[in-house]
Amino acid sequence: MDLFKKIDDTCGGTLGKYQEVAHGYFVFPKLEGDIGPMMKFRGKNVLNWSMENYLGLANDPGVRDVDTDAARRWGLGYPMGTRIISGQTSKHEELEDTIARFMGKEDAFIVNFGYQAMVSAIDTLCNRYDVIVYDSAANASIMDGILLHRAKGGKSFIYSHNDAANCRKKLELAKKYIAKEKQDGGVMVVTDGVFDTAGDIAPLDEIAALKDEFEFTLLVDDAHGFGVMGEQGRGTAEFFGVDDKVDLIFGSCAKALAGIGGFIVGREKVINYLRYNMRSQIFDESLPLAMVLGLQKRFEILKDEPERRNRLWRVTHALQDGLRDAGFDIGPTRSAITPVYIHPKVEVPADDTLSGISPDDIAINSAISMVMDMRENYGIFCTIVKYPAVPPGTLMIRFMPTANHTMDQVEHTLSSMREMKAKLDAGGYDNQALLKQ
């Protein structure tokens with residue numbers, strides 16, 4: 001059979017099947033101009049709530065100066081080669097020292113890209129005799145790391161989302177499994193700190209408390225918590241006061257720091273083991289020096305300008321409180337990530353005018369119509385999120401507040417959303433004509 005036949009038959013996969021009508025608008029949209037609250041979309045100015053530029057560093061003048069000067073002096077290739085062979089510099093080491101001291105850990109290892117780092121770290125740390133216990137809502141990089149673990153014969157147990165009691169039960173199963181197999185295996189618990197679609201946070205205090213009863217290593221992917229959560233911005237572990245109980249923390253430099261790459265912090269011997277064994281790093285190019293120097297500047301701002309984080313939270317709380325007051329369901333978010341779950345009034349016509357159309361189809365259509373109204377008539381740009389980023393049947397519009405948004409922009413958004421809520425409740429977005437196309 002032709003290998004590509006399944007691609008033709010599935011019309012491009014889970015998301016790709018929508019490409020003919022969605023490409024360039026709902027997927028792969030082009031936002032133009034300097035990154036910030038106001039950008040251009042399809043030639044129109046829009047209020048942008050779709051960038052993970054939490055602290056507003058993407059176009060900070062001081063950051064841009066350092067980035068520009070570093071790129072002018074060193075280019076975007078230096079030092080070339082993998083760090084383990086030829087891509088090491090004293091500046092890479094200095095950045096790792098800065099990160100370790102900021103995070104309060106013995107050592108840090110900077111990585112090129114967050115996704116590949118999490119996949120590779122899990123694969124590197126866990127052999128076939130180890131057991132992984134993980135949250136059911138873990139992000140894709142965690143899931144793919146676990147797939148590699150399973151591929152080499154490793155065992156894993158999944159616990160109900162943010163349910164520490166269920167995590168305890170799975171730890172008990174892991175303990176029994178290791179005893180039954182009579183192998184010298186360990187247990188690793190893996191979870192996000194902040195979950196990237198719903199914005200809720202892992203109960204790290206409750207999970208860490210389980211260490212009093214079970215022996216396990218705790219790895220937290222805190223891509224969306226680092227720089228945002230905690231008094232100093234060290235992330236979700238600091239927020240709960242359990243820094244000393246979390247063995248390994250991954251932090252992204254592509255969210256709050258508006259850069260590229262990430263880092264893993266923990267005990268020196270463990271981090272050094274990762275340096276010498278993480279396949280994604282020993283077989284990939286070193287992080288360019290221009291980015292390394294730029295990240296040093298970003299860490300300096302993170303440490304010295306806490307008012308950025310304070311502004312972010314003022315904007316976040318105003319937006320989230322206003323959306324709740326307007327009657328929107330924003331779920332259990334406790335982070336800057338602000339989801340709006342869409343629950344349109346769905347009725348399938350009794351006649352056969354929409355034969356084969358499900359309630360879910362009508363709901364998706366309503367959400368699409370609402371987002372189009374939002375962009376075209378209210379000048380607001382945010383992201384529509386559906387499966388596979390969220391569970392099947394879930395519809396979400398996601399707002400990403402930043403420190404650079406103003407209260408006037410929040411009020412414009414809330415005023416617009418109140419009007420759209422009235423339309424939604426009245427069935428104003430039930431555009432059946434689109435369903436017939």
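The following dialogue explains how to read selected features of a predicted model.

Trainee: Which conventions apply to the model and its numbering?

Mentor: This is a predicted model in which local features need pLDDT of at least 70 and side-chain atom pairs count only at pLDDT 80 or more, while totals for chains, interfaces and linings use all residues. Residues are numbered from 1 along each chain as its sequence is written, and side-chain values use heavy atoms, with hydrogens and water left out.

Trainee: How many helices and strands are in the protein?

Mentor: Helices (H or I, at least four residues) and strands (E, at least two) are DSSP runs, numbered from the N terminus. The protein has 17 helices and 14 strands.

Trainee: What percentage of the residues is buried?

Mentor: A residue is buried under 20% relative accessible area, exposed over 50%, and partly exposed in between (1.4 Å probe, protein chains only). Of the 437 residues in the protein, 51% are buried. The accessible surface, from the Shrake-Rupley method with a 1.4 Å probe and, for residues, with only the protein chains shown counting as cover, comes to about 20400 Å². Carbon and sulfur atoms account for 51% of that surface.

Trainee: Which residues have the most contacts inside the largest nonpolar core?

Mentor: A nonpolar core is a set of buried Ala, Val, Leu, Ile, Met, Phe, Trp, Tyr and Cys residues joined through side-chain atoms within 4.5 Å. The largest one has 60 residues, and those with the most contacts inside it are I99, V133, L171, V189, F263 and F299. Helix α13 (residues 289-304) gives the most to this core, with seven residues. Another core, of 32 residues, lies apart from it and includes F41, L323, M374 and F399.

Trainee: Which residues does L171 touch?

Mentor: Contact means heavy atoms within 4.5 Å. Not counting residues up to four places away in sequence, L171 touches V133, V187, V189, L210, F214 and F216. For the protein, 70% of the contacts with a separation of 6 or more are between residues 24 or more positions apart.

Trainee: In which sense do strands β2 and β3 pair?

Mentor: Two strands pair if DSSP finds at least two bridges between them. Strand β2 (residues 38-41) and strand β3 (residues 44-48) pair in the antiparallel sense over four bridges, and F41 has K44 as its bridge partner in β3. These strands form a hairpin with two residues between them, where R42 in the turn has a positive phi of about 55°. On the other hand, β3 and strand β12 (residues 380-381) pair in the parallel sense over two bridges, with I380 in β12 as the bridge partner of L47.

Trainee: Where is a cis peptide bond found, and which residues other than glycine have a positive phi?

Mentor: Most residues other than glycine have a negative phi, and most peptide bonds are trans. Here, the bond from Y78 to P79 is cis, with omega near 15°. P79 is in the loop between α4 (61-74) and α5 (90-103). M80 lies in the loop between α4 and α5 and has a positive phi near 65°; M80 is exposed, with a relative accessible area of 51%. A258, in the loop between β9 (248-252) and β10 (262-266), has a positive phi near 55° and is partly exposed at 22% relative accessibility.

Trainee: Where do K297 and E300 lie?

Mentor: Both K297 and E300 lie in helix α13, three residues apart, about one turn of the helix. Their salt bridge has its closest N and O atoms 3.4 Å apart. K297 is partly exposed at 22% relative accessible area, and E300 is partly exposed at 41%. Elsewhere, salt bridges that share partners join R83, E96, D107 and R275 into one network.

Terms used: A salt bridge is a side-chain nitrogen of Lys or Arg within 4 Å of a carboxyl oxygen of Asp or Glu.
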